[in-house]
Amino acid sequence: MASAVAAVMSGASLAAGSMKTGGLTSQPIGHYDFCRIYREECERQPRAVRPLHLDSGSWNAILNINATVNMVIEPKSDFDIYGKEEVWTYPESAGDCEDYVLLKRQLLVNEGIPSANLLITVVRKPDGEGHAVLTVRTDRGDYVLDNLTTKVMLWKDTPYTYLKRQSAQHAGHWVSIEMPDQTVVGSVK
């Protein structure tokens, strides 16, 4: 654990960078419904928030909350729990990927991390299935908390294709994510 903290605290992590976001995009329907119930969770940020200064205290909180939530929440689909798809809520004992994200976000806010640095993110897994993770914006890059692993990694080190995430300026808005290896070709002659 100490070596992992030391690696994150090193200057090498700083070069890894942050996600490059694009313009506004569609809000997931489950998040839209969540925002209708939990309005205060989906408001505009009162001011611009700089990425979290990552120190040993915040890093340990991130690691502990990620591991604890992954351990205590049983993975179950929304259909199995509620009899319908796309129910985003705070889990009590079981939930799907979005529910893990919401609980981790809530617990990290309770630890003093600004919500503007805790962004719900939609990705595509290597098998093509959609998935949600929590992105933590830091001054050493964007880190991902995932219910499929206890390892907290830089976003670029995960196996996912990143699609969109919450806006850091307004939690009810979503922005696209530009993948570094995606090349757009207009025409070929």
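Tutor: We shall go from the overall fold to individual residues.

Tutor: Please keep in mind throughout that this is a predicted model.

Student: How many helices and strands does the protein have, and in what order do the elements run?

Tutor: The protein has 5 helices and 9 strands. Starting at the N terminus, the order is α-β-α-α-β-α-β-α-β-β-β-β-β-β.

Student: What percentage of the residues count as buried?

Tutor: Of the 189 residues, 47% count as buried.

Student: Which residues does a disulfide join here?

Tutor: In general, a disulfide is a covalent bond between the sulfur atoms of two cysteines. A search of the whole structure finds 1 disulfide. It joins Cys 35 to Cys 42, with an S to S distance of 2.0 Å. The pair qualifies as a disulfide because its sulfur atoms lie within 2.5 Å of each other.

Student: Is that link left-handed or right-handed, and are its two cysteines buried or exposed?

Tutor: The link of Cys 35 and Cys 42 is left-handed, with -80 degrees about the S-S bond. Both Cys 35 and Cys 42 are buried.

Student: Why does Cys 97 count as buried?

Tutor: The relative accessible area of Cys 97 is 13%, and the residue is therefore buried, since the class takes in values under 20%.

Student: How does one describe the packing of helix 3 and helix 5?

Tutor: Two packed helices are described by the angle between their axes and the distance between the axes. Helix 3 (residues 56-72) and helix 5 (residues 97-110) pack at about 140 degrees, and their axes are 10 Å apart. Helix 3 passes helix 5 in a right-handed crossing. On the side of helix 3, the contact is made by Ala 61, Ile 62, Ile 65, Asn 66, Val 69 and Asn 70; helix 5 contributes Tyr 100, Leu 103, Lys 104, Leu 107 and Leu 108. By class, the contact has 8 nonpolar, 2 polar and 1 charged residues.

Student: Where is Asn 117, and what does it touch?

Tutor: Asn 117 is in the loop between helix 5 and strand 4 (118-124). With a relative accessible area of 0%, Asn 117 is buried, because this value is under 20%. A polar atom of the Asn 117 side chain lies 3.1 Å from the backbone oxygen of Arg 50. Not counting residues up to four places away in sequence, Asn 117 touches Val 49, Arg 50, Pro 51, Leu 52, Thr 135, Val 136 and Arg 137.

Student: What is the phi of Glu 86, and in which loop does Glu 86 lie?

Tutor: Phi of Glu 86 is near 60 degrees, a positive value in a residue other than glycine. Glu 86 belongs to the loop between helix 4 (78-82) and strand 3 (94-95). At 33% relative accessibility, Glu 86 counts as partly exposed.

Student: Which residues are in contact with Thr 25, leaving aside its neighbours within four places in sequence?

Tutor: They are Lys 164, Trp 174, Val 175 and Ser 176. Thr 25 lies in strand 1 (residues 20-25). Thr 25 is partly exposed, with a relative accessible area of 34%.

Terms used
Residues numbered from 1 in each chain as written. Predicted model: local features only at pLDDT ≥ 70, side-chain atom pairs only at ≥ 80, totals over all residues. Heavy atoms only, no water. Buried < 20%, exposed > 50% of the residue type's maximum accessible area, 1.4 Å probe, protein only. Axes fitted to C-alpha atoms, helices over the stretch in contact; angles between N-to-C directions. Helix = DSSP H or I, 4+ residues; strand = E, 2+ residues; numbered from the N terminus. Left-handed = near helix turned anticlockwise from the far one by under 90°. Contact = heavy atoms within 4.5 Å. Nonpolar A, V, L, I, M, F, W, Y, C, P; charged D, E, K, R; others polar. Polar contact = N/O pair within 3.5 Å; in protein donor to acceptor, adjacent residues only side chain to side chain.
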